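User: Hi! Could you walk me through how the strands and helices are arranged here?

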Amino acid sequence: MKQRLFTPGPTPIPEEVLSALSRPIIHHRQADFKEIFRRTCTELKYLFQTKEDVVTLTASGTGAMEAAVVNLLSSGDSAIYVDGGKFGERWGHILKQYSVTPIPIKVEWGSVLEAETVRETVLKHPKAKAVFLTHSESSTGTAIDLKRISETVNNSSKALIVVDGISSIGALEVQMDAWGIDVLITGSQKGLMIPPGLSFIAFSQRAREAARTSRLPKFYFDLERAWETVKEMQTPWTPAISLIVGLDVALQMIRQEGLQDIWIRHDRLAHAVREGSAALGLETFSKSPSNSVTALLMPQGIDGEALRSQLRKKHGIIVAGGQDHLKGKVIRIAHLGHVDNLDIIAVVAALGMAVEECVGGSDPAASLSARSGTGFDPGAGVKAALRELSKPVRHRFELEYSYQ
Ligand SMILES: *Cc1c(COP(=O)(O)O)cnc(C)c1O
């Protein structure tokens, strides 16, 4: 059966990238690699919207999260982090592991992070060295208003702003320099459309200064080495050469489409998934939904794991499940990276069929059909999604840097 991947990492890989990945290996200390690496370094600046170097690490996204912590802080420091899901929680785990006192801002999963709460917390903890944020919390499908929150932190404290942009970069608007972000991170298997194995991290000048005095132990993730070697278009260690060759192609595709149009596309696809699902009686879990992944709340009587299994076995559609207390209660559909209008129609169509197959003639069908008026219509989602997909552009974006 044909498989279609709609998970918040890994995401589908374009054929152009797949064929680049299968090229014969080259040596990373040679001129041909340096040329490819040079191009990726430039294009990553465009993607991050920064003038600073973006370091490529051979590690999954969590490696870059750890790199942020060990390069900024010293043992005994304290740092604020937002805990509103699995990935926000991870910041707390890393901080604790390195004897940094974590100060959590607890946000109920799927709820909105208020800028005022962030302001109060940074004012209450003036010694906190940094604020660790998750732009798009993939476990709940929730986005924060990153521009506003960064502004709030910068206006009320000197704390560095560290952003996990792993499921947002290449999908949601992020402008590192213009928004005053100090550390920005992403991974390869999300908006970047290449397989897992690489992560990317950029430091502002202010963060570079903090790195000079940071005393936490580090070797592989010591960014000073990376900033030194990048001048020669090199990495300190053997990089995942083939992934960087694939990255080069993916970044050219991103440049060709243009960041603003990519953000518009993700906005359109996300709305189509949410509206399509709503027409099937499935509500979006988050009160501040992310444009890269939608968590859908399961109605009474539908088990999320059973629905996922039906989607996979009957329709070849792979979506993610809920984590921790959301297991079985939500399913998560990613619309992230190499995804277009017709992919969305496919996933919404399959969702309609799978819901009907799952509920059969039982009670949930009655409650679903009550919501949709007359009997459950598995095609209602597709109709609603098509309507969304043909709507005019909701919001246009201005870029700080174009790097022509
Ligand atoms: C995927 C993801 C991560 C973790 O990345 P790994 O590549 O699995 O280490 C962290 N944060 C967010 C928001 C993610 O979506």
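Predicted model: local features only at pLDDT ≥ 70, side-chain atom pairs only at ≥ 80, totals over all residues.

User: Which strands does helix α6 lie across, and at about what angle does α6 run to β8?

Analyst: Residues are numbered from 1 along each chain as its sequence is written, and side-chain values use heavy atoms, without hydrogens and water. Helices (H or I, at least four residues) and strands (E, at least two) are DSSP runs numbered from the N terminus, and angles (0 to 180 degrees) are taken between N-to-C directions of lines fitted to C-alpha atoms, for helices over the stretch in contact (heavy atoms within 4.5 Å). Helix α6 (residues 146-156) lies across β5 (130-134) and β8, and its angle to β8 is about 160°.

User: Why is strand β9 largely enclosed by the rest of the structure?

Analyst: Buried means under 20% relative accessible area with a 1.4 Å probe, protein chains only (exposed is over 50%, partly exposed in between). One side of β9 has V183, I185 and G187, the other L184 and T186, and all are buried. Strand β9 (residues 183-187) is largely enclosed because its buried residues number five of the five.

User: What is the strand order of the open sheet?

Analyst: Two strands pair if DSSP finds at least two bridges between them. Strands β8 (residues 160-164) and β9 are parallel, with three bridges, while β9 and β10 (residues 199-203) are antiparallel, with five. Pairing in this seven-strand sheet is mixed, and the order is β2-β10-β9-β8-β5-β3-β4.
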